[in-house]
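This text leads through a structure in two steps.

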Amino acid sequence: MRALAASEGEAGPDDAGAALERLLRGRPALHAGFLAARAHVGRHLGAAGLAGWAEDVGALYHANAGPAVIEALWDVERRLLPGAGAATLAELWQAARALCRHAGSRTTLALLAPLGARLVYGDDGRELATRLAALAGLAGRAPDALAPLAGVLARVMEALPPEAMAQWFADGLARHPADRRRRAAWFRLEDKLALRRLDDLAGGLRFAPHEERLKQLAQALFGAEPEVRVLAEPGFVRPRLAGGLLLLPARFPDLPAGDAAGFFEAVVTHAACHRAFTRECFAVGRMKPVQLALVALFEDARVERLAARRYPGLGRLWRRFHTVEASPAQTVGALFARLARALADPAFHDGDGWIAKARGLFERGFAEDAERQGFVTEIARIVGHDLGQLRIPFDAKAYRVAPAYRDDGLGLFDWDETDPANDDVLELMIEAARLRQEEVDAAPPDPSPPEPAAGARLRAAPPREEGTVAGLYPEWDHRLRTELADHVTVRLYPPAAAGSTALAARLDAAGAVAARLDALMRRARLDRPSRLRRQLEGEEIDLEAAQEAMLARRLGELPDPRIHALKRRQGRDVSLLLLLDVSQSTADPVGRSGESVLSTAALAVGLLGAALDGVGDPFAALAFASNGREDVRVTTVKRFAERWDAALPRLAGLAPAYSTRLGAAIRHGAAELAPQPTHRRVLVVVTDGEPSDVDVEDGAYLAEDARRAVAVARGQGLDVFGVALGPAADRACADIFGRRNSFPVARVEELPARLAALYFQLTVR
Amino acid sequence: MDADPPGLDTFLLAQEPFYTPVGNEVALFEAAFQEKVPLMLKGPTGCGKTRFVEHMAWRLGRPLITIACHEDMTAADLVGRYLLDAEGTVWRDGPLTQAVRFGAICYLDEIVEARQDTTVVIHPLTDERRVLPLDKRNEALIAHPDFFLVISYNPGYQSAVKDLKESTKQRFAALDFTYAEAAREADIVAREAGVAREVAEKLVRIAAASRNLGHRVLEEGASTRTLIRAGKLIARGIGAAEACDMAIVAPLTDDADTRGALRSVVAACL
């Protein structure tokens with residue numbers, strides 16, 4: 001059959017390949033390759049397949065692809081053919097033609113090289129075809145992107161499966177639809193966001209989405225909550241215990257894909273086992289690196305077994321990640337991985353004698369006294385020595401703990417007790433010292449907000465360059481239609497000192513307004529309805545009272561006429577957080593008075609604050625500005641748990657500067673407001689313009705992000721409103737907060753009279 | 001004008017309610033009963049307070065009148081009221097009055113749920129006077145010698161709005177309840193739910209882990225009652241993981257992260 005197909009392929013005069021073959025006779029180099037490829041393809045696909053194939057080759061040839069591209073494809077085919085079908089091959093040729101047409105043959109050739117390099121002989125070619133199609137699609141939309149991409153394609157393919165790669169292309173185009181220079185930077189991986197998206201798409205292995213759940217899990221199972229830090233550093237690829245901290249690499253290069261939830265669960269529970277059962281650090285003494293690695297391996301097995309006695313499900317969870325199979329391989333990595341599995345999985349059988357001996361020793365030691373940590377060191381010495389006898393070298397630098405969920409073991413040792421003559425462990429020691437340093441560096445900024453009494457101390461301190469980090473918030477990229485996690489850093493800046501006498505005088509001058517506001521506020525009633533019994537009038541009969549009234553009549557007494565019940569909203573149960581825009585534009589003068597927007601807004605806030613203070617609504621105010629996404633500057637004007645008087649000097653001290661990154665400010669405000677235990681929680685943003693920032697050029701980006709932030713805050717049950725100062729802000733606010741929830745104040749000088757009234761209006765609706 | 005004295009026989013317990021003592025509480029209860037010192041049972045939900053009272057009522061051979069307190073309960077709901085019928089007005093004793101009149105154990109369950117002004121009607125019953133004033137009937141009802149008042153009180157619910165008045169609290173002697181220790185709790189679950197001992201032990205381990213989250217992310221951990229419920233579902237042939245999800249995890253919390261954590265706890269313990 002095969003011979004027949006081959007002879008047909010060579011001989012058939014009316015074959016589609018014949019015309020091409022005649023054409024190629026004029027180019028001897030290509031001709032020879034063609035004949036060989038045709039014979040090869042014919043052998044695998046038969047005559048029918050060959051006709052289509054020749055057509056595709058011809059089409060590429062006529063598309064001026066150049067001999068190098070065609071030869072490269074023939075080369076790819078040679079490796080694919082046992083596994084790939086005719087349809088896949090056709091896709092390859094068509095995609096290559098599209099690539100050549102849009103990007104030219106030189107770029108195509110540059111892209112084919114890394115693609116071909118990943119091929120295994122006998123591969124079915126599906127992955128290659130999908131990737132080529134994605135590249136062809138990209139070429140159709142932005143041919144200029146391909147040349148920059150060629151240099152990093154191998155890296156991109158390494159990180160992303162084909163579908164995710166196509167998504168990453170689409171993200172790049174969405175992000176930079178017009179700007180060629182920036183697009184090139186994206187596809188050259190010089191754009192930071194491009195790298196981030198690459199990481200995000202590389203399997204979604206971020207710890208953050210699992211953090212809260214796993215902290216609670218560790219607390220539930222072991223009674224202690226782990227403190228976790230994620231560190232992005234080259235070469236840091238395994239979890240590490242550092243004192244009370246669990247350090248996690250940002251990326252795990254050799255991770256089983258698709259089960260991030262289970263994987264991080266395994267990581268956190270394994271670390272928690274050490275905290276629960278590794279009672280003291282192991283002394284290093286004169287142990288060699290190989291013995292240290294074995295101590296860690298045995299100790300891992302010991303603590304896991306102890307935990308699995310109580311929680312058998314954890315044992316099953318960890319075993320999911322022991323995927324190494326029995327094999328005769330005699331490298332340290334392979335042996336250790338199999339030994340780890342042998343200790344974790346009683347059903348695992350491996351023929352290796354060293355593993356069998358180590359397993360036997362461990363079983364005996366564990367059966368004797370599982371709580372005694374010391375037996376681990378003893379057997380590590382013995383089997384480590386055996387490994388030396390077998391002449392199996394151990395490279396401490398290249399060694400990676402397997403499976404990936406386990407910590408790298410360095411945190412289990414007490415490096416102070418190292419024998420000075422023990423040179424071999426020096427490198428590990430440095431590494432361990434480095435992690436101590438990181439532990440110090442990674443220590444969190446004091447998370448508790450400064451006490452109310454600290455106001456004076458804060459003012460006394462010299463102004464600092466950078467505020468303390470108050471939180472990392474995501475940002476919505478409307479082009480990518482995704483949230484960029486931890487994208488924005490909100491920093492707290494201490495309020496500036498300023499005399500509040502001027503402001504106080506202006507507040508006094510506005511006494512009439514203040515009185516009217518006060519009256520308004522007291523009338524506002526917003527609580528949940530409660531039932532009032534024994535009323536003279538109402539919506540329903542109070543049965544109890546009616547009964548008594550009837551009784552009184554029967555008994556000849558005077559009945560109490562209050563026999564109705566009604567539902568009323570009573571008392572106030574609302575808290576307010578006010579976000580005040582203090583960007584540079586608020587320095588503009590307002591109307592004839594010459595006061596700036598900011599000082600007018602400060603007066604308005606002052607009036608509102610005084611009114612709220614009288615009514616007793618919990619109230620906080622934050623001022624915000626931004627200087628790029630790493631520095632969203634928030635100043636606390638008034639905290640919830642603070643008297644109003646204390647806030648006045650800070651309100652007076654606000655100074656306009658920087659830009660308006662509204663979304664981040666709203667997220668931060670929402671995070672502050674959300675824990676308030678009131679029935680209604682109201683977030684009011686006072687801003688004088690559209691969102692903008694120095695590092696954003698796309699005009700819609702920040703507005704869309706702010707819109708998203710508002711939607712998320714509403715999802716948390718907060719009521720979010722915008723007060724827009726001036727016509728430009730009105731348009732932006734209507735988009736961000738919705739028409740019904742934004743309140744335009746066209747003449748800014750009216751704001752003091754209107755702000756509190758607005759608050760009243762929106763809290764009774 | 002009085003309604004016929006209702007027989008309190010319906011309030012007598014026919015069978016011994018199953019109860020495993022955790023400590024000396026049976027003797028303490030008996031002593032309090034003999035001395036007629038009103039009792040307050042404190043403890044988390046579902047740890048067996050109500051079952052204990054039932055058990056003691058059976059043991060002492062007294063009828064037990066249980067009143068589940070709620071926010072809309074009025075003093076008349078406890079004490080009684082005049083009702084109208086074709087003939088005229090009829091006085092109807094409330095459950096508390098019945099117990100006082102005929103000498104039953106009166107158990108006010110979750111008393112903090114009732115409004116504070118309602119609960120003051122019990123004050124005259126809880127000191128030496130032992131009388132219940134029925135102002136509408138112009139009567140001061142002297143308590144039957146066997147009348148005994150027990151209330152339950154869950155300290156976990158304490159908040160500014162829902163707490164007992166100090167004057168109410170101090171009229172009672174208190175017995176602290178907590179969940180039985182693991183082995184005994186497993187016995188209880190195995191017996192009440194009719195599941196194998198190993199299954200009961202796993203359930204108890206799940207509960208112990210969930211109680212580690214109590215007062216932090218959960219109001220309270222899983223109670224013995226929820227374990228028994230889960231056990232009963234398992235005994236009916238429902239898969240253990242599903243039964244725990246239905247009876248323990250889902251009722252405890254609506255937070256996605258906490259649910260995830262609890263499901264992992266269940267998976268780890270099974």
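A:Trp168 and A:Phe187 are both buried (under 20% relative accessible area; exposed is over 50%, partly exposed in between, with a 1.4 Å probe and protein chains only). This is a predicted model, in which local features need pLDDT of at least 70 and side-chain atom pairs pLDDT 80 or more, while totals for chains, interfaces and linings use all residues. Residues are numbered from 1 along each chain as its sequence is written, chains are lettered from A and ligands numbered from 1 in the order written, and side-chain values use heavy atoms, without hydrogens and water.

The ring centres of A:Trp168 and A:Phe187 lie 5.5 Å apart and the planes stand at 80 degrees, so this pair is edge-to-face. Rings of Phe, Tyr and Trp (its six-membered ring) pair if their centres lie within 6.5 Å; planes under 30 degrees apart are stacked, over 60 edge-to-face, and the rest tilted. For A:Phe282 and A:Phe413 the centres are 6.1 Å apart and the planes at 50 degrees, so that pair is tilted. Both A:Phe282 and A:Phe413 are buried. Over all chains there are 27 aromatic pairs.

Now to the place where the chains meet. Contact (heavy atoms within 4.5 Å) involves 28 residues from chain B and 26 residues from chain A. Between chain B and chain A there are three salt bridges, each a side-chain nitrogen of Lys or Arg within 4 Å of a carboxyl oxygen of Asp or Glu. One salt bridge joins the side chains of A:Glu544 and B:Arg81, at 2.7 Å from N to O.
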